[in-house]
Amino acid sequence: MTAPSCPKTMTHGPCGGVAADGGCEVAPGPCVFLDRPTVRWAGGDEPRPLAPEPPLLALMRQRPVVVADLPAAPLSRESLERSVDALAGTVDAVLLGDSGGARVQFPPSHRAALVQARGVPAWAGLNCRDRNRVALEGELAALADVGAAAVHCVTGDHTALGDRPDAQPVFDLDSTELAARAATAGLLVSVAEAPAGPPVRRRPLRLAEKVRAGARVCVVNHCGGPEAVAEFVAAALDAGADVPFVACVAVALDAASAAELRRFPGLVLPAGYLDAVEQARDPARAGVAAAVSLAEALLSIPGVRGVDLSAVSPPGREPTTAGALATIGRALS
């Protein structure tokens, strides 16, 4: 049942943008899904395992992986390739974000092709904000054709929150429905979950429905320290979401990058995490050390099979950010 009053017309809500007080990220008042039972996936049983097993998934079963967001200037092939080259050999894949603060970008499949041409596995983000189901299915077919390592299926932030509020929001599908189509396309599918977003107690159940739809990896959004991640992973496994978990690690290198991170909807970090970086004598060094320490703690949690180094680079600082992510990747290898 689609909630008519949801600004994203979601069926399998709530999204990850619910405020700590339960408020909708766009409309006034509470999220319409707060008091509704978790919507079950109605598309049938879980999809069959992918055969052969995707290399990235096989790697996660052997050892924890390190993934990094890819800092690149919009619509710049040169910037993208420069950052990929900086990260090559230091991380297991790069996550190509598809956020509302990064428009306009090359299409996900084109960016994935550019990345993989440099020898680095591409974990492509795909959102439902800007594309109807026909366009989404076309992107999925293209990602499968270029051999993307994985696709990260998200509903997406509302256009009112991004760099293009003039754009009409689409939301023809939500992340659960997109995950099912991505699995049908033969792709390794990841989805996000926001453990700190209300209703907290139902987040593990929502993830379990995404797994039933086709998700094979869960990216755990910033929800505090290792204790909060461990609690969510244990609850999700109990709910039936038996998948590898990749925990997000915020990377701040100065006051500007910390400010960019604070723009993330629903961001919850360990107490004082960003403040310590901003107040350090050498913020860049402090930011790298803090990220390494947090990543090591997260990787010690049973069920966590990887970390994603999450950094939002201020314009013009993409090469510096990529270099810092590479340093963290080497420290964790």
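Predicted model: local features only at pLDDT ≥ 70, side-chain atom pairs only at ≥ 80, totals over all residues.

Residues are numbered from 1 along each chain as its sequence is written, and side-chain values use heavy atoms, with hydrogens and water left out.

A nonpolar core is a set of buried Ala, Val, Leu, Ile, Met, Phe, Trp, Tyr and Cys residues joined through side-chain atoms within 4.5 Å, where buried means under 20% relative accessible area with a 1.4 Å probe, protein chains only. The largest such core has 74 residues, among which V115, V151, L207, F245, V249 and L309 touch the most other members. Helix α10 supplies the largest share of this core, six residues; helices are DSSP runs of H or I, at least four residues long, numbered from the N terminus. A second, separate core of 16 residues includes L59, V67, L188 and V219.

Two helix pairs are set out here, with axes fitted to C-alpha atoms over the stretch in contact (heavy atoms within 4.5 Å) and angles taken from 0 to 180 degrees between N-to-C directions.

| Pair | Angle | Axis distance |
|---|---|---|
| α10 (residues 283-299) and α11 (residues 318-332) | about 40° | 10 Å |
| α4 (residues 133-146) and α5 (residues 175-184) | about 40° | 10 Å |

In the α10 and α11 pair, V288, A291, V292, A295 and E296 of α10 meet A324, T327, I328, A331 and L332 of α11. In the other pair, R133, L136, E137 and L140 of α4 meet L178, R181 and A182 of α5.

Terms used. Buried < 20%, exposed > 50% of the residue type's maximum accessible area, 1.4 Å probe, protein only. Helix = DSSP H or I, 4+ residues; strand = E, 2+ residues; numbered from the N terminus.
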